[in-house]
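My notes follow in the order I took them.

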Amino acid sequence: MSTPAIGARTAHAAGVERLLASYRAVPPAASVRLAKPTSNLFRSRAKPTTRGLDTSGLTGVIAVDPEARTADVGGMCTYENLVAATLPHGLAPLVVPQLKTITLGGAVTGLGIESTSFRNGLPHESVLEMDILTGAGEVVTASPREHEDLYRAFPNSSGTLGYAVRLRIALEPVEPYVALRHLRFHTLTDLVTATGRIIATRAVDGDRVDYLDGVVFSADESYLCVGTQTAAPGPVSDYTGQQIYYRSIQHGDGVRKDRLTIHDYLWRWDTDWFWCSEAFGVQRPMIRRLWPRPLRRSSFYGTLMRYEQRFHIGDRVERLAGRPARERVVQDVEVPIERSAEFLDWFLATVPITPIWLCPLRLQGGGWPLYPIRPQQTYVNVGFWSTVPVGSTEGETNRLIERKVSEFHGHKSLYSDSYYTPEEFDDLYGAETYQSVKKRYDPDSRLLDLYAKAVQRR
């Protein structure tokens, strides 16, 4: 087993003790929460009245085992730190969510996705076992062999069944470079047809496909971004400086080729938070030259966004300009591939947001009751992150999207604003199983209820 090992395990054990001590310090009548300096959630939450749990000792990589192709990590370890530990061994997690500060525990309990999801599913499917701090104040090991009910219900529980203290995940071999082909489509139907064909064959023009995602700029301009791992040396592009990755995708027709190091490929979206850095002017050449390179990253943009939400800066600017306030529409939804072109047509005609991110997904196995999309069926994750003018009711556009996603037999992630009724929510997110597991591992309701957290923003 590679380093870090003994020292990291000792530090992790001490971190677990601090976590438990902070749990015991929470008054019995108070809700238990994490004390987190950062977050990748995009929903407002009630300000906690008690001190959160100390997770400062759970941020490290405990060990990487190159022979077994596994990694043990603390629940608050970021993918940025994990990738830095695994790439020297020629290994990477099976799914690396696209933003550097997403944590392993967050990706499992809140779901994550990326361009390997068409072949590797979602991050929780590569989890071999987890140590979870339950609402009862106990640390239990959950796996397909023990506490399986908790292991299966944990994904998409958003910290309401417990918190991941340690995770052991599977890794896969990777090559030093990724050769990219950006395929241009003039109709969404053609793009979706090509997506299904690539997933079925795992190839394009006879070449293996390791990575697959896409971008929609309009109904007649969309792209699939196809990546193939390679050891062949050669020049590579750099999108951490003046060049912007998503703009490099666009071209008139056919195929545009590119190359990145595996490191830069995994974090290709982080420098500009996909395309959302534009809201801060960072894509303007003059501002980009002056903006410090270390601050061209999603975590810093997220900090700015939290300040905006706290002080309602955007609404004040709109009001001064004589314009109405705007509704935040920041969502990822999964739609069955056979309905995805129809959904995109509806979205483009109804919601004034572009670009749109596409990421195909196939769960490798079943048994995840809190996010019950069907295994071995292809879905397309559709991601859209912006604002629209407010409507006549709170969350009008978000509610409209929720109804349409359900109509298309899709599903929505819960990291952002949700407006479901309790009955709708229970039907969509496995209420019967959830309540059973909740009763067993959080009998005194020390942790928030999932509906209260995801919809009521508590």
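Ground rule for the element names: helices (H or I, at least four residues) and strands (E, at least two) are DSSP runs, numbered from the N terminus. This is a predicted model, so I keep in mind that local features need pLDDT of at least 70 and side-chain atom pairs count only at pLDDT 80 or more, while totals for chains, interfaces and linings use all residues. Residues are numbered from 1 along each chain as its sequence is written, and side-chain values use heavy atoms, with hydrogens and water left out.

**Entry 1: Thr 378**

I looked up Thr 378 and found it in the loop between strand 16 and strand 17. Is Thr 378 buried or exposed? Its relative accessibility is 9%, so Thr 378 counts as buried (buried means under 20% relative accessible area, exposed over 50%, partly exposed in between, with a 1.4 Å probe and protein chains only). Leaving aside neighbours within four places in sequence, I list Ile 199, Pro 336, Ile 337, Leu 361 and Arg 362 as its contacts (contact means heavy atoms within 4.5 Å). With Arg 362 there is also a side-chain to side-chain polar contact of 2.8 Å. For that term I use a pair of N or O atoms within 3.5 Å; within protein, one must be able to donate a hydrogen and the other to accept it, and residues adjacent in sequence count only if both atoms are side-chain atoms.

Next I traced an open sheet of eight strands, in the order 14-9-13-12-16-17-15-18, with antiparallel pairing (two strands pair if DSSP finds at least two bridges between them). Strand 14 (255-261) and strand 18 (411-412) are at the edges with a single partner strand each, so one side of each has no neighbour in the sheet. Strand 12 (residues 211-218) pairs with strand 16 (residues 356-361) in the antiparallel sense over three bridges. There, Val 216 is opposite Ile 356 of strand 16.

Which strands does helix 6 (residues 188-201) touch? Helix 6 packs on the sheet against strand 9 (177-185), strand 12, strand 13 (221-230) and strand 16, and its direction makes about 20° with that of strand 13. Helix 13 (residues 396-407) packs on the sheet too, touching strand 15 (326-336), strand 17 (379-389) and strand 18, at about 10° to the direction of strand 15. The axes are lines fitted to C-alpha atoms, for helices over the stretch in contact, and the angles run from 0 to 180 degrees between N-to-C directions.

**Entry 2: Arg 184**

Arg 184 is in strand 9, and I note it as buried, at 15% relative accessibility. Not counting residues up to four places away in sequence, Arg 184 touches several residues, among them Asp 220, Glu 221, His 251 and Asp 253. What does its side chain reach? It makes a polar contact with the side chain of His 186 (3.4 Å), and one of its polar atoms lies 3.1 Å from the backbone oxygen of Gly 252.

**Entry 3: strand 4**

All five of the five residues of strand 4 (residues 70-74) are buried, so the rest of the structure largely encloses this strand. Thr 70, Asp 72 and Gly 74 point one way, Ala 71 and Val 73 the other. Strand 4 runs antiparallel to strand 3 (residues 61-65), joined by four bridges, with Val 64 partnered by Ala 71. In the hairpin between these two, with four residues between the strands, Arg 69 has a positive phi near 55°. Strand 4 is also antiparallel to strand 8 (residues 162-173), over five bridges; here Asp 72 is partnered by Arg 168.

**Entry 4: helix 15**

Which residues of helix 15 (residues 431-441) are buried? I get Ala 431, Tyr 434, Val 437, Lys 438 and Tyr 441. They cover an arc of only 135° around the axis, which puts them on the same side of helix 15 (the arc is that of the directions from the helix axis to the C-beta atoms). These buried residues pack against strand 6 (127-134), helix 5 (148-153), helix 14 (422-428) and helix 16 (450-454). The face turned away from the buried side carries the exposed Glu 432 and Lys 439.
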